[in-house]
Amino acid sequence: MRVEPINCFRPVPERAGRFSAPPYDVLDDAQARAYVAERPDSFMAIDRPETAFDSEHDPYAPEVYQYAVKLLNDRVKDGTLVRDERECLYVYRLEANGHSQTGIVAAVSVDDYLEGTVRRHEQVREEKVRDRIAHISTVTAQTGPVLVTYPDFPAISFLVGLVCTGEPLYDFVAEDGVRHTVWRIAREVAVESICETFKQVPFGYIADGHHRAAAAVRMCEEARAAGDAGARDAFLAILYPASEMQVLAYNRVVSDTNGLSEQDLIDKLKAAHLTVGERTAEPVVPAEHGHVGMYAFGAWRDLAFVDLPEDSGDPTALLDASLLQARVLGPLLGIDDPTSDSRIQFVSGADGAAELERLAGTDGVAFFMFPTSVEELMRVSDAGMLMPPKSTWFAPKPRSGLFLRRV
């Protein structure tokens, strides 16, 4: 992989915790508006500028993005954001609930994306790509890092470990309890050593941020066509070794049972080649691949897939999300297109079983999934295929606003 240091604006250390914000796409409109109302000087106000307008206002209107520029300039003028005096790499550690992961903040080559060295597994939606293109173009900065994982490479881990013995640039605990620690790498020899070592890493995999990556790549292609790519030849990323990535379940809730009674549902599940456990008040959190916890009609049950299809060379076919869609959500509950059907919603496993019970209520059905592994994601990406929608939820998530790479 080809990585390079970044020239960026970043918050001064004493304001980093308050200014930085969750990724723009993990909050819905109401949540984003509430966040900005509580933290009007945070990066969320710049990343989601539509929160300053009436909810009926077109969120993609030019004046919305121009307002983001005003806010960005305000944060430079009031001293919140400063420009690093030289191109640097950064080491970024996330710690939460006993889990720790440490990665490198850098710019990743667009050509690696186009040539398949950096691989993806998720379909992107055109309106979301256009939104990020408009945001990047207007504020002239890549503001949301793409989360990239790569096969463990001991030499990189060794170099990162050396950096972490120094004094951090940032060290704060965010409002969600996640500790964020960042070290700055400015020495030219250290930057060069890390960039050279990454050239030995054969592949990287986009874990989160497909729309951010796609927007940056399209902007680069357009700039190249016009004969002036410059800094757009790369996109802002954070690279974590695969063994340190934590994937949580991405659960499903359907608002109704598609007219099925409890016994009808049980009978149809069995006919679809699933074993169905007994009713229990205790939440069923699956402990292994091939099992799903189902909450319906006021009780939990363990579901297990049987008569699995033979390995056909399609690594997506045996994913739990694929099996649930093919055997249950589509034929039994009528969710033919989970990307557009308003009857289904997707919920992070971090929210727990109680949240699934609340969302399902008395009329719906909730499914607690076993987390997709990083290895499964890599196999799908290596095959040039796409994961089922909402298959992975990586946590903890890096903050946005700590690194604004100017383009």
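Helices (H or I, at least four residues) and strands (E, at least two) are DSSP runs, numbered from the N terminus. Residues are numbered from 1 along each chain as its sequence is written, and side-chain values use heavy atoms, with hydrogens and water left out. Please keep in mind that this is a predicted model: local features need pLDDT of at least 70, side-chain atom pairs count only at pLDDT 80 or more, and totals for chains, interfaces and linings use all residues.

1. Let's begin with Arg 48, which sits in the loop between helix H3 (43-47) and H4. Arg 48 counts as buried because its relative accessibility is 10% (buried means under 20% relative accessible area, exposed over 50%, partly exposed in between, with a 1.4 Å probe and protein chains only). The side chain of Arg 48 reaches the backbone oxygen of Tyr 24 at 2.7 Å. Beyond residues up to four places away in sequence, Arg 48 touches Tyr 24, Leu 27, Asp 28, Asp 29 and Ala 32 (contact means heavy atoms within 4.5 Å).

2. Next, H4 (residues 62-77) packs on H6 (residues 126-139) at an angle of about 45°, with the axes 9 Å apart. That angle makes H4 oblique to H6 (under 35 degrees counts as roughly parallel, over 145 as roughly antiparallel, 65 to 115 as roughly perpendicular and the rest as oblique). Axes here are lines fitted to C-alpha atoms, for helices over the stretch in contact, and angles run from 0 to 180 degrees between N-to-C directions. On the H4 side, the meeting residues are Tyr 65, Gln 66, Ala 68, Val 69 and Leu 72; on the H6 side, they are Asp 131, Ala 134, His 135, Thr 138 and Val 139.

3. H6 also holds Arg 132. Is Arg 132 buried or exposed? With 5% relative accessibility, Arg 132 counts as buried. Its side chain makes a polar contact of 3.1 Å with that of Asp 131 (a pair of N or O atoms within 3.5 Å; within protein, one must be able to donate a hydrogen and the other to accept it, and residues adjacent in sequence count only if both atoms are side-chain atoms). Leaving aside neighbours within four places in sequence, Arg 132 is in contact with Tyr 24, Asp 47, His 211, Arg 212 and Ala 215.

4. Lastly, look at H7 (residues 154-163) and H8 (residues 188-198), whose axes come within 9 Å and cross at roughly 160°. H7 is therefore roughly antiparallel to H8. Ala 155, Ile 156 and Leu 159 of H7 make the contact with Ser 193, Ile 194, Thr 197 and Phe 198 of H8.
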